[in-house]
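Thanks for making the time this morning. I would like to walk you through one model, beginning with a single helix contact and then widening the view.

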Amino acid sequence: MQRLAAVRPRLVSFARLHLRDSAQAEDAVQDALEAAIEKDASFSGRSGYETWVFGILKYKILDSMRAQKRQGKWQPLEDETDDEALDRQFQQNGRWRVEARPASWGEPEAAFENEHFWQVFDACMIALPDNVARVFSLRELMGLSTEDICRELGIKENNCWVILHRARLRLRSCIEKGWLKEATT
């Protein structure tokens with residue numbers, strides 16, 4: 001129970017990101033927690049406990065998203081309009097501008113074990129526009145295929161790839177400002 005209490009705030013934040021409704025997010029988290037309690041004995045330890053609970057929540061969120069569609073409460077994604085900000089990072093030939101090049105992150109595996117990295121990552125995810133964060137999360141955190149994301153969100157594949165590209169660029173920039181700069185000072 002203590003493990004579930006510790007992970008609950010992140011579960012709620014994750015569910016709100018996808019469902020855009022606090023009450024539905026709370027319901028999905030409660031359903032996931034209930035399932036985790038019922039299936040606790042089946043947790044084999046092949047993944048981290050938090051990862052296992054997030055896996056349960058993933059299916060609860062997808063069920064809620066489908067229910068929103070059936071009930072006509074689904075909020076489609078809005079088109080992004082900040083192409084100019086992204087274009088300023090690249091030269092005409094498509095290469096990075098010198099001042100916009102990605103900084104070295106050192107050893108990536110070590111970053112994933114750093115608690116401060118994950119605090120910065122969470123803050124950067126919250127700073128993303130809802131539609132960008134949702135697509136990125138479905139793909140990279142929940143592991144859905146592009147085809148599944150497009151079907152769930154009602155978007156075209158090209159749009160999905162553009163949104164993912166924008167999300168990665170924004171997250172990289174935010175993480176470099178909030179984590180790498182602090183790590184070097």
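This is a predicted model: local features need pLDDT of at least 70, side-chain atom pairs count only at pLDDT 80 or more; totals for chains, interfaces and linings use all residues.

**A helix contact and its surroundings**

Let me start where F14, L17, H18 and L19 in α1 meet D130, A133, R134, S137, L138 and L141 in α7.

As for the geometry, two packed helices are described by the angle between their axes and the distance between the axes. Here α1, which covers residues 2-19, and α7, which covers residues 130-141, pack at an angle of about 120°, and their axes lie 8 Å apart. The crossing that α1 and α7 make is left-handed.

Staying with α7 for a moment, which of its residues are buried? They are N131, V132, A133, R134, V135, F136, S137 and L138, and among them A133, R134, S137 and L138 also take part in the contact with α1. Just after α7 comes G143, with a positive phi of about 80°.

Now to the interior of the chain. In soluble globular proteins, nonpolar side chains tend to be buried together. In this model the largest nonpolar core has 47 residues, and those with the most contacts inside it are L11, V53, L57, I61, M125, V135 and L138. At least two residues of this core come from each of α1, α2 (22-38), α3 (49-70), α6 (115-127), α7, α8 (146-153) and α9 (157-184), while α3 gives the most, with 9 residues.

Of its 185 residues, 39% count as buried, and the accessible surface comes to about 11300 Å², of which 49% belongs to carbon and sulfur atoms. If we take the contacts with a separation of 6 or more, 69% of them are between residues 24 or more positions apart.

Methods:
Residues are numbered from 1 along each chain as its sequence is written. Side-chain values use heavy atoms; hydrogens and water are left out. Buried means under 20% relative accessible area, exposed over 50%, partly exposed in between (1.4 Å probe, protein chains only). Contact means heavy atoms within 4.5 Å. Accessible areas come from the Shrake-Rupley method with a 1.4 Å probe; for residues, only the protein chains shown count as cover. Axes are lines fitted to C-alpha atoms, for helices over the stretch in contact, and angles run from 0 to 180 degrees between N-to-C directions. Helices (H or I, at least four residues) and strands (E, at least two) are DSSP runs, numbered from the N terminus. A crossing is left-handed if the near helix is turned anticlockwise from the far one by less than a right angle, and right-handed if clockwise. A nonpolar core is a set of buried Ala, Val, Leu, Ile, Met, Phe, Trp, Tyr and Cys residues joined through side-chain atoms within 4.5 Å.
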